Amino acid sequence: MTILLSTLNARYAHASLGLRYLLANMGELQAQTALMEFVIGAKTTEVVERLLARQPRIVGFGVYIWNVEETAKVVAMLKRVAPEVTVVLGGPEVSYETDKQEIVRLADYTVTGWGDVSFPKLCGEILHGPKPLMKVHAGVQPPMADIALPYSLYSNEDIAHRTLYVEASRGCPFKCEFCLSSLDKTAWPFDLDTFLAEMEGLYQRGARLFKFVDRTFNLNVKTSQRIMQFFLDKLAAHPDDPVYAHFELVPDHLPEGLKATIAQFPPGALQFEIGIQSFNPEVQSLVSRRQDNVKAADNIRWLHEYSHAHLHVDLIAGLPGEDVASFARGFDKLVELGPHEIQFGILKRLRGTPIIRHTEPFGMVFDPYPPYTVLATDRIDFATMQRLVRFARYWDLVANSGRFAHTVNTLLGDAPFANFMAFSDWMYTRLDATHRIALDRLAKLVQEWLQLQGMGEDAAKALLASDYAGKVDKSTDKQKPGAAAPERQVRHLAA
């Protein structure tokens, strides 16, 4: 095989959309090109051995924040044992600050930004000449109509076992400084009829899980409604074989017509990822985030009360200008709005993002290693930031997991952030760990905490027994195999 396209995905269930775009646009080189995907954690020697078994002349790696360290080891070993193989890098992690990265030094070439037409062109020059002189090549952004769509390249195994990533548009018009999309000038749509025809092709092949990666799915409401109607038609025609769709919504843009469409979806068929990040107007202004907080809150409340959509809402701790008290107020407000999941994230300094302009004025200290998490700011010291990191982990285990659906309301009480922080601090004193915690152990600790807070033992046991977590060690109470299938599917989409 002449050209291999490879990456290390975060999980097997993730199928690389970027690599499939490259393969779809290889032109006359497509017949000589193949995909080889791996998962982070794989042994470097085994990855290199499998790549070289295909006898490639060129290996192109998709590099992301979650795989850059392991990919660098693969590239280093590959160049040692097979220096004749040309290594080309691409992806968001190597599209900025290329002169500061060891992985770029190790590789032969790097394509920054859009690679759809630039990577095939570079491969042609490597194979047939003239040999490229520059190490770093700025990707050219072609007209959207010139980009071949990749969806036919999802294999039958992908369709059966993996989340299918799709996009009706690229880019983002907003300028949130913590996000790489802030560097885009606008959002560029694909031709909608062509896109929907591709979705029809996936559906006919058996695809039922569709995760849209569009940053601003509901920016053009007419387009949003047409896409949603596509899925509503499938649900109406085959209610016994439902589709599941995930969209990222702009929180303060939900006109009545779109609400009416959303309200038609049955339970378990629709998930929204909604980025709030902060409810503090001063912080929003500092990071150039335009958001009407009143409208955003009203829309989340409406979605909770009048739709069946599963709501996954994001908050970021560690933003410049935000202290713990401000973050806590935003967290409590979001809990009151009732989303199914609150994704409590810690700020990361993504390469190329404008957030770095706040480093000195706000005393921001970032981990020098991926994922470049903020370690401290002038408002949150290192020790407190670590408490927030643990809070986020325990929150995922207890609240976002859905295993303590009834118990978590009691845990939170009338001061959600303060009460869960107290629980988190106590948990860490008991466990000295945040990972590899067995569910039955976790349930017992939750019960113990409730009793320490004054709840009687019988009442605490009864409350836990009302949740899945309280049944985990009772074989007679196991859930029926299919009972939670829609919920599991929706959670899979959030991965």
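**Strands, loops and a pocket in a predicted model**

Q277 lies in strand β12, which covers residues 270-277. The model described here is predicted. Phi of Q277 is near 70°, a positive value in a residue other than glycine. Q277 has a relative accessible area of 10% and is therefore buried, since the cut-off for that class is under 20%. A positive phi also occurs at Q55, where the angle is near 50°, again in a residue other than glycine. Q55 is found in the loop between α2 (44-53) and β3 (58-62). The relative accessible area of Q55 is 67%, so this residue is exposed, the cut-off being over 50%.

Two spans of the chain carry domain annotations in the UniProt record. An unreviewed UniProt entry lists residues 1-133 as "domain: B12-binding". In the model this span is 36% helix and 21% strand, and its end C-alpha atoms lie 25 Å apart. The annotation "domain: Radical SAM core", also from an unreviewed UniProt entry, covers residues 158-392. For residues 158-392 the end C-alpha atoms are 31 Å apart, with 37% of the span in helix and 20% in strand.

Strand β1 (residues 3-9) pairs with β2 in the parallel sense, over 7 bridges. Within this pairing, N9 stands opposite V39 of β2.

The bridge partner of H312 in β14 is E341. From β13 the chain crosses through helix α12 (residues 324-337) to β14, in a β-α-β crossover that is right-handed. Strand β14 spans residues 341-346 and is mostly covered, with 5 of its 6 residues buried.

Strand β14 also takes part in the lining of the second largest pocket, to which it supplies at least two residues. The helices α13 (382-400), α14 (407-412) and α18 (485-494) each supply at least two lining residues as well. The space in this pocket is about 410 Å³. Its lining consists of 20 residues, of which P339, H340, A405, V408 and N409 lie nearest the centre of the pocket. By class, the lining of the second largest pocket holds 9 nonpolar, 8 polar and 3 charged residues.

Two cis peptide bonds are described here. One joins G129 and P130, with omega of about -5°. P130 is placed in the loop between α5 (118-128) and β6 (136-138). The other is the bond from P370 to P371, which is cis with omega near 5°. P371 is placed in the loop between β15 (365-366) and β16 (374-376).

Strand β6 contains A138. With a relative accessible area of 61%, above the 50% cut-off, A138 is classed as exposed. A138 and S118 are 20 residues apart in sequence, and their C-alpha atoms are 8.0 Å apart in space. A second pair of residues separated along the chain is N293 and P281, which are 12 residues apart in sequence and 8.2 Å apart in space, C-alpha to C-alpha. N293 lies in helix α11 (residues 293-306). The relative accessible area of N293 is 15%, which is under 20%, so N293 counts as buried.

Definitions and conventions: Residues are numbered from 1 along each chain as its sequence is written. This is a predicted model: local features need pLDDT of at least 70, side-chain atom pairs count only at pLDDT 80 or more; totals for chains, interfaces and linings use all residues. Side-chain values use heavy atoms; hydrogens and water are left out. Buried means under 20% relative accessible area, exposed over 50%, partly exposed in between (1.4 Å probe, protein chains only). Helices (H or I, at least four residues) and strands (E, at least two) are DSSP runs, numbered from the N terminus. Two strands pair if DSSP finds at least two bridges between them. A crossover is right-handed if, with the strands pointing away from the viewer, the path from the first strand over the helix to the second runs clockwise. UniProt positions are given in the numbering used here, feature names are shortened, and annotations may be inferred rather than shown by experiment. On a 1 Å grid over the protein atoms alone, a cavity is a set of points where a 1.4 Å probe fits but cannot get out, and a pocket is an open set with protein on both sides within 12 Å along at least five of seven lines; lining residues have an atom within 4 Å of a point. Grid points are joined across faces, edges and corners, and a volume is the space filled by probe spheres set on the points. Ala, Val, Leu, Ile, Met, Phe, Trp, Tyr, Cys and Pro count as nonpolar, Asp, Glu, Lys and Arg as charged, and the others, Gly among them, as polar.
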